[in-house]
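Please examine the sequence and the three-dimensional structure shown here before reading on.

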Amino acid sequence: MLSLLAILFSGLLIVNCACPDSTVQFNLNTSLKSMMFLGTGSSYSLPMLTCIPPCKACESAASSSFSKNRRRNTSLFLQGADGSHGIIDCGKTFVESARDFLLPMKVKRLDYVILSHGHSDAMLGLDDLRAYTDVSQTPIPVYADSQTWVDVKRIFAYIFSVRKENVPKLTSNMFEPFQPFQIMNTKFEAVPVEHGNNPDGSPYMSNGFLIDEKIFHVSDVSRIQESTMNYLTAKHSIELLIIDCSSNNVDTPGHIGLDHVMRIHAIIKPRLTILTDISHLSEHYELQSMLPDNIMVGFDGLIVEFKA
């Protein structure tokens, strides 16, 4: 018998259970029916291969595929009220995430993929989309910015060449910063953020995504520029924030830590913040114990259901 704990506050019902399909019900008028966290980990994923002897987070992660410390590369599955299926980021561990979470849900179709940036933990799983296009025989539209497309087409030249057999069928679509784009019934807007530095010292840019102007997903960030933060707070009422939190204390290269997250949370003032892109420096339950009620530690398999 699974024990359930329901906590009601600010129109938010959280249901926690000792199973992979824990669910959050969130009152929000959006085009989405739900979202599922396919991955909430850093590029290393957890358990980290060289964490020997293991830290508490890695030991827990190794004990079960459904430990809340088992973290695959950050990825988000979006299910629209119109029946659409999409994902934000498709990294190295996507196929593991899909087997653990999408296969049991009998998801046989993906209608779109959005890439935040051109690092391996965001796009190296694109080849595994072949399983979906082989079944549907319908190309999957992939959305990314111009620099990410340079990286994708360099790594996956064979997908976008004249070769047609044994490759996923993908179409390339480009978005521009701060320019809304519509996918089926859902409105997205790319918000550029810094994600560490290029070799020449200039900022490497990733993208966060506004979804229906009420959800802000920003999984890979070291700094949100002041002008961008002003844009987010002046023109949008963000009610759900999903944000990078590499460690429970200081920032790490390319990512922000809990202190930085708390400052952003205080400025944006969402009703709920969910942490993602979490490294082995943070153990799930220890990190959750440090947080106020309206900030929660994300975990792989977490589902957010939206209620109007």
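The structure is a predicted model, in which local features need pLDDT of at least 70 and side-chain atom pairs count only at pLDDT 80 or more, while totals for chains, interfaces and linings use all residues. Residues are numbered from 1 along each chain as its sequence is written, and side-chain values use heavy atoms, with hydrogens and water left out.

We begin with the interior. A nonpolar core is a set of buried Ala, Val, Leu, Ile, Met, Phe, Trp, Tyr and Cys residues joined through side-chain atoms within 4.5 Å. Buried means under 20% relative accessible area, exposed over 50%, and partly exposed in between, with a 1.4 Å probe and protein chains only. The largest nonpolar core has 29 residues, and those with the most contacts inside it are M35, L78, I114, I215, L240, I274 and F306. Strand β4 (residues 32–39) supplies the largest share of this core, 3 residues. Strands (E, at least two residues) and helices (H or I, at least four) are DSSP runs, numbered from the N terminus. Apart from this core lies another, of 26 residues, with F77, A98, L126 and A144 among them.

Contact means heavy atoms within 4.5 Å. T30 is buried, with a relative accessible area of 15%. Leaving aside neighbours within four places in sequence, T30 is in contact with D212, I215 and F306. T30 and G80 are 50 residues apart in sequence, and their C-alpha atoms are 8.9 Å apart in space.

Which residues of helix α6 (residues 226–235) are buried? They are T228, M229, Y231 and L232. These residues cover an arc of only 155° around the axis, which puts them on the same side of α6; the arc is that of the directions from the helix axis to the C-beta atoms. An α-helix has 3.6 residues a turn, so residues three or four places apart point the same way. On the other side of α6, E226, S227 and A234 are exposed. The buried residues of α6 pack against β11, β12, β13 (215–218) and α7 (258–268).

The backbone also deserves attention. A cis peptide bond joins L46 and P47, with omega about 5°, and another cis peptide bond joins I52 and P53, with omega about -10°. P47 is placed in the loop between β4 and α1 (56–63), and P53 lies in the loop between β4 and α1. Q137 is not a glycine, although its phi is positive, about 55°; Q137 is found in the loop between α4 (130–136) and β8 (140–144). N166, also a residue other than glycine, has a positive phi near 60°. N166 lies in the loop between α5 (146–155) and β9 (170–174) and is exposed, with a relative accessible area of 52%.

Finally, a search of the whole structure finds 1 cavity of 30 Å³ or more. On a 1 Å grid over the protein atoms alone, a cavity is a set of points where a 1.4 Å probe fits but cannot get out, and lining residues have an atom within 4 Å of a point. The largest cavity has a volume of about 40 Å³, a volume being the space filled by probe spheres set on the grid points, which are joined across faces, edges and corners. Its lining consists of K187, F188, E189, L210, I211, D212 and E213. The elements that give two or more residues to this lining are β11 (186–197) and β12 (203–211), and β11 gives the most, with 3 residues.

Notes
On a 1 Å grid over the protein atoms alone, a cavity is a set of points where a 1.4 Å probe fits but cannot get out, and a pocket is an open set with protein on both sides within 12 Å along at least five of seven lines; lining residues have an atom within 4 Å of a point.
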